[in-house]
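Subject: Model for you to look at

Hi,

Here is the structure I promised to pass on. Please open it alongside this note, and read on for what turned up.

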Amino acid sequence: MNTGCHNHSRRTTRRVLATGRTWWQIILFLLLSIGLVPGGIIQPAQAQLPRRALPQGEWMGSFTYEGLVFTLGYIYAFGYSGLANFTVARNSASGDWESRVWTTNFVTDDECTIEMNAEGSVKGVVEGSAEILVLRDTDFNGTFTSRGGPGCDPQTTPNLTVPLPKLDESQRISVPREIHWLWVTCEQAYGRMGGSLPSSAELGFSLEDPRNRANLNAFMRDTLEAAGISMSAEDHFYAIRLSARRHSVEAAAFMDAVNQLYEDVSALLDRLLESEREGTGIPGDLFLELDGLLQRAEALAHDIRRTQDCSFVERDAYLSLLADSVGRLLAYALAHPERFYASDLYHLILAGVRTGLFEPRSVYLFGTERLVEQVHNELLRRIEISDNCDALIFLFQSGAALGDMAVVDEADARLVNVCGE
Amino acid sequence: MRQYKTHLLFIVIVLAAALGCNLPSLAGQQPAIATPASPQTAAPAAHSPAPPASPTSAPMPNLSRLLERIGAARIALLTPTEGVGAHPRFEWQPVPGAARYTLLLLDAEGRPYWAWEGAETAVYLGGGSQPPPEDSAGPILLRPMQWYVLAFDAEGKIIGYSEKRPIVP
């Protein structure tokens, strides 16, 4: 099967200071790399989401899954990128998938920086039902490499390239990844892979005792969320019913473009978080880059046909590929109001409208109602404290873009008070 | 067997680290310093959820006057108001000094239906400079709506605006 994978030009890397012994670090990383390859843990909260069923037919899915794993002062980044072909019957799904997998880390110890990578491919089967797909791994191959930088002692940090050891079924801890759909139309579907944000679940891969696993995951989740990095893991599963694809468009190429789009969105979000950690402002080209991503998403949407059974309401059949990503970006802005100008909020809201994020006729978009309410409150809060005419104009326009007349009226009244009109 | 032992050791260490140690480098992060246009230090006010949208056909006189006063140009919208089909091409007169434009398409009740942002002075509904295929899965114009455009200079300041203009497929 063509995986549709491509070289990752971007690697999520994190530098952290560590004081451990080099060999111990390598062994730990090697173990982690092996362990990450098979499956993840399904979060209980995910199981409570409303379920959506895929229409019957032939589907192709594209997925990426990236995240961080924290342990012993190290931060490991990992990622999946792959394709799935599957058939949905009345209430069952079957097929196969293949994914490229990588893990990477930089460890700095005194003057020595060691780069450790594991890279390989995973194959598996698609199981489950029309409501919840299950991706189960069946095989993987990969290589581990370790390279010491200029300041490293070759005796203690030798360069290594070794194949990842094969584990038999009894040794591997293979937990199926479930796909929970956020929205499903008769043409497309979008979901998250098992283990919602953040991907702290990955850390619990080897804890067979469910209570330990739950405790550990809860602890990691709380820690990450308290640090405001709930976007640190990006995962998505986008699927298209093959009959909806334009015949002139090659399926694997289409999915590859979708995957690349999501990876670039993920990179954008990573940069935003990186800037927060470094204490700098939001990236100056954030909105230009977002605009480019939106254009790519729109171009991809043109490759999807409005099939007969999808045309009953003008927009029910359409949800932008990026609606969920823009929603995350907006949620981040709301959680960090000190980092965003009123004009930034306006542009994010506009991106939300453009992608259909606030679309009242959308089939389903998890969390949209709450997001709209949060945006409404944030706009009113800013209007109340703003004494800047430019900011108030943007807040007014933000309300207008949302069709939120309460915000428009408040901004209008405040404009009179502050700006003399 | 040895592998099992190593795994076991790893599990113990990971669990101990996660449950017993203060994980470094994250919890202590300070929020980034930004310099917003207006102070953002006040705690969020508790407001009720947004009420249902109401018609917005009447322009806000205060804002229009303010924009006029600050020298914002009036943008002429060029797209016909009727007979434009399901994927109309929105077009407007360029504004001198404008680096970017935003377009908002609203339904008859004033609810947002589609938006766009870019440097061009024309765009098809659904995005792009080429007409989307008639059967594409993007947004389409099936009933009367209204649209307007704002222009921004390179520093992001509004320098132009249009009135809302009806558009009928």
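First, a definition: a residue is called buried under 20% relative accessible area, exposed over 50%, and partly exposed in between (1.4 Å probe, protein chains only). Cys419(A), for one, is buried, with a relative accessible area of 6%.

This is a predicted model, in which local features need pLDDT of at least 70, side-chain atom pairs count only at pLDDT 80 or more, and totals for chains, interfaces and linings use all residues. Residues are numbered from 1 along each chain as its sequence is written, chains are lettered from A and ligands numbered from 1 in the order in which they are written, and side-chain values use heavy atoms, with hydrogens and water left out.

Disulfides

How many disulfides does the structure hold over all chains? There are 2 (a disulfide is a pair of cysteine sulfur atoms within 2.5 Å).

Take Cys389(A) and Cys419(A). Their sulfur atoms are 2.0 Å apart. The link is left-handed, with -130 degrees about the S-S bond. It joins distant parts of the chain: Cys389(A) is in helix H9 (residues 389–402) of chain A, and Cys419(A) is in helix H10 (residues 405–419) of chain A, 30 residues apart. Helices (H or I, at least four residues) and strands (E, at least two) are DSSP runs, numbered from the N terminus. Cys419(A) is buried, whereas Cys389(A) counts as partly exposed at 25% relative accessibility.

Now Cys112(A) and Cys152(A). Here the sulfur atoms are 1.9 Å apart. This link is right-handed, with 95 degrees about the S-S bond. Cys112(A) is buried at 7% relative accessible area. Cys152(A) is buried too, at 11%.

Salt bridges

Side chains of opposite charge can pair when their charged atoms come close. A search of the whole structure finds 19 salt bridges over all chains. The cut-off: a side-chain nitrogen of Lys or Arg within 4 Å of a carboxyl oxygen of Asp or Glu.

In chain A, Glu289(A) and Arg271(A) meet in a salt bridge at 2.4 Å, N to O. Glu289(A) lies in helix H5 (residues 286–301) of chain A and Arg271(A) in helix H4 of chain A, so the pair ties together parts that are 18 residues apart in sequence. Glu289(A) is partly exposed, with a relative accessible area of 26%. Arg271(A) is partly exposed at 31% relative accessibility.

Helix H4 (residues 251–277) of chain A also holds Glu274(A). Glu274(A) counts as partly exposed, at 26% relative accessibility. Its C-alpha atom is separated by 22 Å from that of Asn259(A), 15 residues apart along the chain.

In chain B, Glu163(B) forms a salt bridge with Arg74(B), and the closest N and O atoms are 3.2 Å apart. Glu163(B) is in the loop between strand S7 (158–161) and strand S8 (165–167) of chain B, while Arg74(B) is in strand S1 (residues 73–74) of chain B, 89 residues apart. At 31% relative accessibility, Glu163(B) counts as partly exposed. Arg74(B) is partly exposed at 46%.

Glu91(B) forms a salt bridge with Arg89(B), with the closest N and O atoms 2.9 Å apart. Glu91(B) is partly exposed at 29% relative accessible area, and Arg89(B) is partly exposed at 38%. Salt bridges that share partners also join Asp291(A), Glu298(A), Arg354(A), Arg100(B) and Glu117(B) into one network.

Helix packing

Helix H6 (residues 323–335) and helix H7 (residues 342–355) of chain A pack at an angle of about 155 degrees, with their axes 9 Å apart. Axes are lines fitted to C-alpha atoms, for helices over the stretch in contact, and angles run from 0 to 180 degrees between N-to-C directions. The angle makes H6(A) roughly antiparallel to H7(A). Angles under 35 degrees count as roughly parallel, over 145 as roughly antiparallel, 65 to 115 as roughly perpendicular and the rest as oblique.

H5(A) and H7(A) pack at about 5 degrees, with axes 11 Å apart. That makes H5(A) roughly parallel to H7(A). Contact (heavy atoms within 4.5 Å) involves residues including Asp291(A) and Glu298(A) of H5(A) and Arg354(A) of H7(A).

Best wishes
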